[in-house]
Amino acid sequence: MPMTDSSSAPIGRRRVLIAGSAAAATVSIGAGTAATRPEAAATGAGGAGDIAPAAHAICTLTKQLTEGPYYLDHALVRANVTEDKQGVPLELALTVVDRDTCTPLNKALVEIWHCDALGEYSGFVGNNGHQEPDNGKFLRGGVLTGTDGVAKLTGIYPGWYRGRCIHIHVKVHTGVTLTSDGSFTGGNEIHTGQLFFNETITQAVAKLTPYSTNTVPRTPLSSDGIYGNGGTAAGLMAVTALGSTPSAGYRGTLTLGIDADA
């Protein structure tokens, strides 16, 4: 089901407070003063002390963005999507909430897919000008949320391909059935979007191997036609460092406000 960007996403009446630690990722309903808190933004790119996690996130409808041309319906259920791909470690803690009630969604399947450090997608290797082994499955997979609405996934920081800034694709499904072969069936697809990174962090990662060997010009976040400067509503994550250098990796967090009745 293809999705298109929308610049007029409605804002819910309630907002949530998200704990700064992705390990906790606890959602609580904000009332009164919580309704006036601004959106959080990622900052910095150096050591752990230079990147402040989001103190608060707004419970609002997260924009639906295009699925893009590289989706494969493998329905893989796994928390670590890395396989043998080299790159800067990346942890994701994505909290799914009902945008009308701010209630965390339990057992929602959060699925991600993205390119490797050379900008190549599994199943489509060569489209970005680099030849490498292609098993059709690397950097693809998803997990169920817990009662706190949080889905935790592990992979690598994405690379880039021609015409797009660095991003991760995401879908949210409800009502799925897990199967014994490590996949899922059925359910309803209720959200398709993308996750984005602060440009300063991307600049630091792009200097590292193997990202530095990507021969395709990189499009910055500010020039990306799909992100459109939409902040957290369009998928801009709060990102914290896992160590004192970029090579140690990062943790990205975001609250996805979903229309659970879609």
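**Reading burial and pairing in a predicted model**

In helix α1, the buried residues (under 20% relative accessible area; exposed is over 50%, partly exposed in between; 1.4 Å probe, protein chains only) are E199, I201, T202, A204, V205 and A206. This is a predicted model in which local features need pLDDT of at least 70, side-chain atom pairs count only at pLDDT 80 or more, and totals for chains, interfaces and linings use all residues. Residues are numbered from 1 along each chain as its sequence is written, and side-chain values use heavy atoms, with hydrogens and water left out.

Colleague: How many residues of α1 are buried, and what covers them?

Modeller: An α-helix has 3.6 residues a turn, so residues three or four places apart point the same way. Helices here are DSSP runs of H or I with at least four residues, and strands are runs of E with at least two, numbered from the N terminus. In α1, 6 of the 8 residues are buried, and their cover includes β11 and β12.

Colleague: Which strands pair with β3, and in what sense?

Modeller: Two strands pair if DSSP finds at least two bridges between them. Strand β3 (residues 89–98) has 8 of its 10 residues buried. It runs antiparallel to β6 (residues 150–156), with 7 bridges, among them P89 with I156. With β12 (residues 250–258) the sense is parallel, over 9 bridges; E91 has R251 as its bridge partner.

Colleague: Which residues have the most contacts inside the largest nonpolar core?

Modeller: Such a core is a set of buried Ala, Val, Leu, Ile, Met, Phe, Trp, Tyr and Cys residues joined through side-chain atoms within 4.5 Å. The largest has 40 residues, and L92, Y157, L195 and Y250 have the most contacts inside it.

Methods
Contact = heavy atoms within 4.5 Å.
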